[in-house]
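Please look at the sequence and the structure before reading on.

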Amino acid sequence: MTILVTGGAGYIGSWVTKLLLNSGYQVVVLDNLSHGYKENVDPRAKFIVGDISDSKKTKEALKGVDAVIHMAGLIVVPESVKDPVKYTQNNVLGTVSLLESMKEAGVKKIIFSSSACVYGTPDKLPIAEDAPLHPDNPYGATKAAIEAFLQAFHANFSFDVTILRYFNPYGPGKLAPPITHAIPNFITATLAKKPIPLYWKGEQIRDFIYIEDLAQAHVDVLSLSGFNVFNLGMEKGVKVKDVVEMIFDIVGYKVPIDNLGKRPGDVSANYASSEKLKKAVGWRAKVYLKECLRRTIKYYSSSFSQLQSTT
Ligand SMILES: NC(=O)c1ccc[n+]([C@@H]2O[C@H](COP(=O)([O-])OP(=O)(O)OC[C@H]3O[C@@H](n4cnc5c(N)ncnc54)[C@H](O)[C@@H]3O)[C@@H](O)[C@H]2O)c1
């Protein structure tokens, strides 16, 4: 079976590509390298540099493909607030163009990287998939809009659709700047012995999911058909300040906290129920927070020492 991974040169897409190849799938990666890196792409995959809205390139990439894992997209929330048109063009119109190419190529199975951002501020916790969607920012709105188009392509053209709503992925892997992810920022500040920037004194509660567990879910849902929506989280809310303490505990020293105060628009708490995914495909997160943090610190320590030796 051959899978097209859009955005496969990115942080999460490169992990998904590697796990697919390890499980015996053939993989084609399509990425415009706007935020990805050629070296992120596993050499066993066929790599096509191109944009999801370029129908010539997508048709080339879709040759012989059985299913698409669609991860290409712009992901920086503050940038989406400044430039919602750019986000709508790239993420929403780009995806509709990709769906049209898929329809023409007769490829009708898609797994889509959505986000907990579609829920905005949740009415209750843990968040289940039937919670109302009210995104708080344009990035989340692009995810909700894409989900609506996927529903329409399922209803009108019998596409098999699986939507995965990620909570807070983290773990080893090369991220494109600006790095807005909490854990990489905490770890890099700690390793550089600089103050850790922290909003809300770290009282926010988040659901952090290790990247390899998250990536594995994409392989697990490939067997599904119909229209499916799943949350992808650890089902455990953790205070951000407790993550910082765990990092200090692992490295064996502390750095000061740079208290950034309150950040408007931040959700005070969110964590998932992933029960539905567990029941559907037997997916289970295998690695727990402290061990995942250890692996992530190890990754950043080696990149950090490489950086030190080249400067
Ligand atoms: N990282 C997170 O915290 C997180 C959380 C929830 C959802 N997601 C979703 O997961 C997916 C992957 O995220 P990531 O963290 O790996 O980001 P990333 O920026 O590392 O990867 C995205 C990739 O998509 C490519 N891309 C962007 N627009 C494209 C286009 N028009 N055509 C072709 N390629 C294009 C980029 O070059 C990049 O390689 C995204 O859809 C993102 O919205 C990420």
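His 70 stands opposite Phe 112 in β5. The model is predicted: local features need pLDDT of at least 70, side-chain atom pairs count only at pLDDT 80 or more, and totals for chains, interfaces and linings use all residues. Residues are numbered from 1 along each chain as its sequence is written. Helices (H or I, at least four residues) and strands (E, at least two) are DSSP runs, numbered from the N terminus.

**The sheet**

Strands of a sheet pair through backbone hydrogen bonds, either parallel or antiparallel. Here seven strands form an open sheet in the order β3-β2-β1-β4-β5-β6-β11, and the pairing is parallel. Two strands pair if DSSP finds at least two bridges between them. β3 (46-49) and β11 (227-232) are the edge strands, and each pairs on one side only. From one strand to the next the twist averages 20°.

Strand β4 (residues 67-70) is joined to β5 by three bridges, while four bridges join β1 (residues 2-6) to β4. Both of these pairs run parallel. Both faces of β4 are covered: Ala 67 and Ile 69 on one side are buried, and so are Val 68 and His 70 on the other. A residue is buried if 20 or more other C-beta atoms lie within 10 Å of its own, exposed if 12 or fewer, and partly exposed in between, with C-beta atoms placed from the backbone.

Outside this list of seven strands, four bridges join β8 (residues 196-199) to strand β13 (residues 257-261), and these two run parallel. The covered face of β8 holds Ile 196 and Leu 198, and the uncovered face holds Pro 197 and Tyr 199.

| Residue | Partner |
|---|---|
| Val 5 | Ile 69 in β4 |

Axes are lines fitted to C-alpha atoms, for helices over the stretch in contact, and angles run from 0 to 180 degrees between N-to-C directions.

The axes of α6 (residues 182-191) and α8 (residues 240-251) come within 11 Å and cross at roughly 40°. Residues of α6 in this contact are Ala 182, Ile 183, Phe 186, Ile 187 and Thr 190, and those of α8 are Val 240, Val 243, Val 244, Ile 247 and Val 251. Two residues are in contact if their C-beta atoms, placed from the backbone, lie within 7 Å. By class, the contact has nine nonpolar, one polar and no charged residues. Ala, Val, Leu, Ile, Met, Phe, Trp, Tyr, Cys and Pro count as nonpolar, Asp, Glu, Lys and Arg as charged, and the others, Gly among them, as polar.

**A loop residue**

Pro 135 lies in the loop between β5 and α5. Is Pro 135 buried or partly exposed? Pro 135 is partly exposed, because 18 other C-beta atoms lie within 10 Å. Pro 135 and Tyr 119 are 16 residues apart in sequence, yet 5.5 Å apart in space, C-alpha to C-alpha.

**The ligand**

The shell around the ligand has twelve nonpolar, 15 polar and two charged residues. Its largest share, three residues, comes from α1.
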